[in-house]
Amino acid sequence: MDLNALYQEIILDHYKNPLHAGLREPYGAEVRHVNPTCGDEVTLRVQLAESADGPVVHDVSYDAVGCSISQASASVMADLLIGKPVAEAMSVHEDFLALMQGKGQVVPDEERLEDGVAFAGVAKFPARVKCALLAWMAWKDATAQVTTPLTEEEVR
Amino acid sequence: MTDLLDVERIRKDFPILTRRLADDHPLVYLDSANTSQKPQQVLDVLDTHYRLHNANVARAVHQLGVESTEAFEAARDTVASFIGAPSRDEVIFTKNSSEALNLVANTLAWATGPLAVGAGDEVVITEMEHHSNIVPWQLLTERKGATLRWFGLTDEGRLDLTDIDSLVNERTKVVSLVWVSNMLGTVNPVADIVRRAHEVGAIVVVDASQAVPQLPVDVAALGADVVAFTGHKMVGPTGIGVLWGRRELLEQLPPFLGGGEMIETVAMARSTYAEIPHKFEAGTPPIAQAIGLGAAVDYLQSVGMEAIAAHEHEITAYALDRLTEVGGITVLGPTEAVDRGGAISFELDGVHPHDVSQVLDSRGVAVRAGHHCAKPAHARFGVQSSTRASFYLYTTPPEVDALIDGLHYVKKYFRVG
């Protein structure tokens, strides 16, 4: 069993020194996601900004409790998505999801996923895929809440 | 260790213990509190049942039906005798402990008369319960407008009984508690709690999921009204659990699931119900699993529960002692093997339990990481999850040594300590 394929140096670095950690103001939406099987938790905030080319991910801030994989994944994701147009960030999200669900058969595009390619090995450990996806799913959820107008019921 | 068990001989009965895992590491199975492994004797009984005797029970007149029914009911006799039940009819087969506990909580919600739970009534549990002994009582009290209360824990992981007389009072209808904690390992003083609960007329429900596998059990001597446990943690199959209850109580409770086998007669307007135990066993039961549980009980009795308990104690004491050598380990729960079962949950400074467990697994050492379905107990100790090693009659000191070596390797791998 190749532990080093799972625990790449990049992952351990992000785990020890997470980027963009902590909850910041201002934010457009805040979500809290948990992994019910293990109890890992993340509270994540997304702030978007308008630009000539449409909405841009202005900030992603988070407070996470969990294993090295889930912590490092939040760090890599925040660093990767901050500054990207929302449409591009969503497409990167899809790439990362495909990589994680690819059972180790998907070859990641380093140009697009940058440090995210370090998680390629996680896809071979089915029990850990949910750890790697926790923050990403939270980001997608929070971003959808900012970009989707509230329904009448929610406004009330 | 001065062991009463011939563990090497016992291990030969468990085929899975010879498994080699990735990189040819021998399996070191330290997750028996999660589910135990099964001896050949149980596997053979399951196989023989399906190959030679398979038929539905209590319905068929044909020879196979008679054989299957006899084996199924004989398993009930075996279980009844194993736990000291005053009557075989008090042994209800369920699918697991969770179903047994939910059966009690739900039928209490539907009960009328003295057993009825309503506004102003109280149900008392403890902070060290498995989720399966928390959620059913939350559902009951929410549905009936009753109040859920609980015993807190001491820093050592024992029940804080200082306010027992106010906590368990004349409003208390049910006290439900775990006998041996699946997370902290604590063995609770059930008899003391039964005494107080019965003073105020409350029913006592005991989750014995971790107790029946590792301690000699006599439900009559215990004094509780209901005891729940599960087959798969006591070398039996999955899909079979047991609810033992005092006859008078079981007779007063309304039925749980409706269906075949639980009836006396059915007309379109209304039905009448079978006597216990069948009143609570609607539908085709887990037949092979019950017969397999009977075989598991025979196996445990052939080894001897006193000897199993003594072995569990010795191996737990050995592990607790060796864990202190590792450095950076904090045990959640009693740190001495006194009134303590064979599950040890711990934190390792600087490494998350998932990562501990992953690295141990790469060396063939199987432990559990997470909240062990006891989130409130983890919250009590200010942690979100832990690593848990748990032992059984087949666990050897060299396996504990493999855990300790593995933990040193974890520290090296994650560069802590």
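Modeller: H6(A) gives the most to the lining of the largest pocket, with five residues. This is a predicted model, and the pocket in it has a volume of about 480 Å³. Its lining counts 21 residues, and those nearest the centre are A:Ala127, A:Arg128, B:His354, B:Ser357 and B:Gln358. Sorted by class, the lining holds nine nonpolar, six polar and six charged residues.

Let us turn to H13 on the chain B side. Helix H13 spans residues 353-361 of chain B, and eight of its nine residues are buried, so the rest of the structure largely encloses it. The buried ones are B:Pro353, B:His354, B:Asp355, B:Val356, B:Ser357, B:Gln358, B:Val359 and B:Leu360. As a reminder, residues three or four places apart in an α-helix point the same way, because there are 3.6 residues a turn.

Which residues does B:Ser357 touch, leaving aside those up to four places away in sequence? They are B:Val367 and B:Ala369. B:Ser357 itself sits in helix H13 of chain B. Its relative accessibility is 16%, and because buried means under 20%, B:Ser357 counts as buried.

Three strands of chain A make an open sheet in the order S1-S2-S3, with antiparallel pairing. Strand S1 (29-34) and strand S3 (56-65) of chain A are the edge strands, each pairing on one side only. Neighbouring strands of this sheet are turned by 20° against each other on average, direction ignored. Helix H6 (residues 126-147) of chain A packs on the sheet and touches S1, S2 and S3 of chain A, while its direction makes about 40° with that of S2(A). Within the sheet, six bridges join S1(A) to strand S2 (residues 41-49) of chain A in the antiparallel sense. One pair to look for is A:Ala29 with its bridge partner A:Val46 in S2(A).

For comparison, here are the other spaces in the model. The second largest pocket has a volume of about 280 Å³. It is lined by 19 residues, and B:Ser97, B:His130, B:Ser132, B:Ser209 and B:Lys233 lie nearest its centre. Its lining is made up of four nonpolar, 11 polar and four charged residues. There are also two cavities of 30 Å³ or more. The largest cavity holds about 110 Å³ of space. Among its 16 lining residues, the closest to the centre are B:Ala33, B:Gln210, B:Gln214, B:Glu312 and B:Phe391. By class, six residues of that lining are nonpolar, eight are polar and two are charged.

One last stop in chain B is a strand that is covered on both faces. In a regular strand, side chains alternate between the two faces of the sheet. In strand S2 (residues 91-94) of chain B, B:Val91 and B:Phe93 on one side and B:Ile92 and B:Thr94 on the other are all buried. S2(B) runs antiparallel to strand S8 (residues 241-245) of chain B, and four bridges join the two. In this pairing B:Val91 stands opposite B:Trp244 in S8(B).

Methods: Residues are numbered from 1 along each chain as its sequence is written. Chains are lettered from A and ligands numbered from 1 in the order in which they are written. This is a predicted model: local features need pLDDT of at least 70, side-chain atom pairs count only at pLDDT 80 or more; totals for chains, interfaces and linings use all residues. Side-chain values use heavy atoms; hydrogens and water are left out. Buried means under 20% relative accessible area, exposed over 50%, partly exposed in between (1.4 Å probe, protein chains only). Two strands pair if DSSP finds at least two bridges between them. Axes are lines fitted to C-alpha atoms, for helices over the stretch in contact, and angles run from 0 to 180 degrees between N-to-C directions. Contact means heavy atoms within 4.5 Å. On a 1 Å grid over the protein atoms alone, a cavity is a set of points where a 1.4 Å probe fits but cannot get out, and a pocket is an open set with protein on both sides within 12 Å along at least five of seven lines; lining residues have an atom within 4 Å of a point. Grid points are joined across faces, edges and corners, and a volume is the space filled by probe spheres set on the points. Ala, Val, Leu, Ile, Met, Phe, Trp, Tyr, Cys and Pro count as nonpolar, Asp, Glu, Lys and Arg as charged, and the others, Gly among them, as polar.
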